[in-house]
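Student: I have a model open and want to go through it piece by piece. Can we start with the surface and then work inwards?

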Amino acid sequence: MGDDANSRWLLTGLGLLFLAAALAAPINHDESQYVAAIALMRDGLPYRDWAYLQTPLQPLLLSPLSLLPAGWLLVGARLANVAFALVACWALLRLLRGKVPSWAAATAVAAMALTNAFLFAADVARNDALPVALLSLGLLALDRRWALVAGLCFGLAVSAKISLALPVAGAGLWLLWRERRAVPPAVLGGMAGLLPCLVLYALAPQQFVFGVFTYSLEAPQQFWIAAGQADRLALTGKLAGLGVELIRGASLVALLLVLADRRRFTPLAGLLNFGIAGGLVAAILPDPFFEQYLVPMLPPLFARAALALPELRGRWRSGVLAAGGATALVGLVDVGSDYARGWKEQRTLAVAVEQGRMVAALANGRPVASLAPERLAGSDVRLMPGFAAGPFLFRTSDGLAGRALAVTGAPTWQQLEQLDRAPPAVIVTGGERRPRPPVFPRGVDAPLDVWAESRGYSWLPLPGKEWRMWVAPSQKGGPEGPPSR
């Protein structure tokens, strides 16, 4: 069987795995702002018309999904990430073709795909899979000496997620060192790839800077210190988190293999080494560490490991393969337990689709507010732009909250009187019930519950544990009949 056939079988298997994972993974509150931004693309643009806390490529690219009905937009966004993850795997297989035996390329790509971090990128509607696909395509283009195309892919990757600037910078440093003739076309392509950022910055500079830079630099520090978990922000805490994540899959084995391989230094190996270094810095910088921050390092890491793997002989090769397989199983078991818990706690796509359908029917085109917009977003639900960031802007406090309201118009838990100016017809709570003392001992949703009850809203239960659909007094007796407790 030829290399192409083997690659097709591998990609088919990975595609089925990613698809199953995307349909089974519990809903993560991180998905809120990404899905809401796609939905709101029907009526405006990020930053100018609503707060967005990332660089803008993903909602721009996926804006056609805004035509999907409530609940199904979340499904569509997850399936798009499945496709992006497959593109990343395909690009690495093409990058390694002819450079290592097909078994080494397949082993490395499968090992990357089975890490907990990569599966998380592939199965939830965040913005990790798109930039990692673009990064992988950029590495492929640069290896083919298509500097303009590589620069375009790298620029687009940064336009999808700002942390990709560090592995991209690593590739740039490699060009300056080894391929200076390629620098001008790569820079030209990179500027073209950054156009989404540049245009939207020009339209709303204050909002862009606040969403992309100010929030990410200040809000995590404020939230985790207030929650009594400042140790997670320290370098030691972040390194501990990184260490745990490296063994939720074969990443640590791959990293050790690369560090031990001193016999190969081809141009491709050098490029990948720079990418690994940039990705490692990108993983450690954010506060605190989460698994998704490891994703930008994975393509250069596992491609570089593929170059080293054929150099091993006898027991060394068998030992490395056995260690990689064992750690991959550790990651898969962890992922499987998360999915099982998601079904048990009714945090599944099926529940979200039913919730979206019910809210759409009751709201009937009137404004809806929620800290879990990912479950409700769709063409038949009118999300309030002030809640586009889900719980993340809402839970900020004091001076940062004041700037959030002044710059983006998004009210926080301390400023809910702002809703009296244009009250939502429906408020949905339930996604943020987890106690987060001392600021939110009853969860981040609690201030919304209190505000709704104090304004005479009545509530109906929604599918799922502790979900409520608050209905404004003026909406009682609407098309769905009067609400009752």
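**Surface, sheet and helices**

Tutor: Val187, Met191, Leu195, Leu198, Val199 and Leu203 make a nonpolar surface patch of about 520 Å². Two elements give two or more residues to the patch: helix H10 (183-193) and helix H11 (195-203). This is a predicted model, where local features need pLDDT of at least 70, side-chain atom pairs count only at pLDDT 80 or more, and totals for chains, interfaces and linings use all residues. Residues are numbered from 1 along each chain as its sequence is written, and side-chain values use heavy atoms, with hydrogens and water left out.

Student: What counts as a patch here?

Tutor: Patches are made of residues with over 30% relative accessible area and no salt bridge, with like charges joined within 9 Å and nonpolar side chains (Val, Leu, Ile, Met, Phe, Trp, Tyr) within 5 Å. A salt bridge is a side-chain nitrogen of Lys or Arg within 4 Å of a carboxyl oxygen of Asp or Glu. The areas come from the Shrake-Rupley method with a 1.4 Å probe, and for residues only the protein chains shown count as cover. Helices (H or I, at least four residues) and strands (E, at least two) are DSSP runs, numbered from the N terminus.

Student: Which helix gives the most to the nonpolar patch?

Tutor: H11, with four residues.

Student: And Val187, where does that lie?

Tutor: Val187 is in helix H10. Its relative accessibility is 48%, so Val187 counts as partly exposed. Buried means under 20% relative accessible area, exposed over 50%, and partly exposed in between (1.4 Å probe, protein chains only).

Student: Switching to the sheet. What is the strand order?

Tutor: The order is E2-E1-E3-E5-E4, an open sheet of five strands with mixed pairing. Strand E2 (382-383) and E4 are the edge strands, each pairing on one side only. Two strands pair if DSSP finds at least two bridges between them.

Student: Parallel or antiparallel for E1 and E2?

Tutor: Strand E1 (residues 367-370) and E2 pair in the parallel sense, over two bridges. Val368 has Leu383 in E2 as its bridge partner.

Student: How many bridges join E3 and E5?

Tutor: Four, and strand E3 (residues 426-429) runs antiparallel to strand E5 (residues 468-471). Thr429 is bridged to Arg468 in E5. Strand E4 (residues 458-461) also pairs with E5 in the antiparallel sense over four bridges. There, Trp459 stands opposite Trp470, and Leu460 stands opposite Met469.

Student: What lies between E4 and E5?

Tutor: Six residues, as the two strands form a hairpin; Gly464 in the turn has a positive phi of about 105°.

Student: What does Ala452 touch?

Tutor: Ala452 sits in helix H21 (residues 446-454). Neighbours within four places in sequence aside, Ala452 is in contact (heavy atoms within 4.5 Å) with Ile427, Tyr457 and Trp470. Ala452 counts as buried because its relative accessibility is 0%.

Student: Now H7. Why call it largely enclosed?

Tutor: Because 13 of its 15 residues are buried, H7 is largely enclosed by the rest of the structure. Just after H7, Arg145 takes a positive phi of about 65°.

Student: Last one. What covers the buried residues of H15?

Tutor: The cover includes helix H4 (72-96), helix H7 (129-143), helix H9 (165-178), helix H13 (235-246), helix H14 (251-260) and helix H16 (298-308). Among the buried residues of H15 are Leu268, Gly275 and Ala283.
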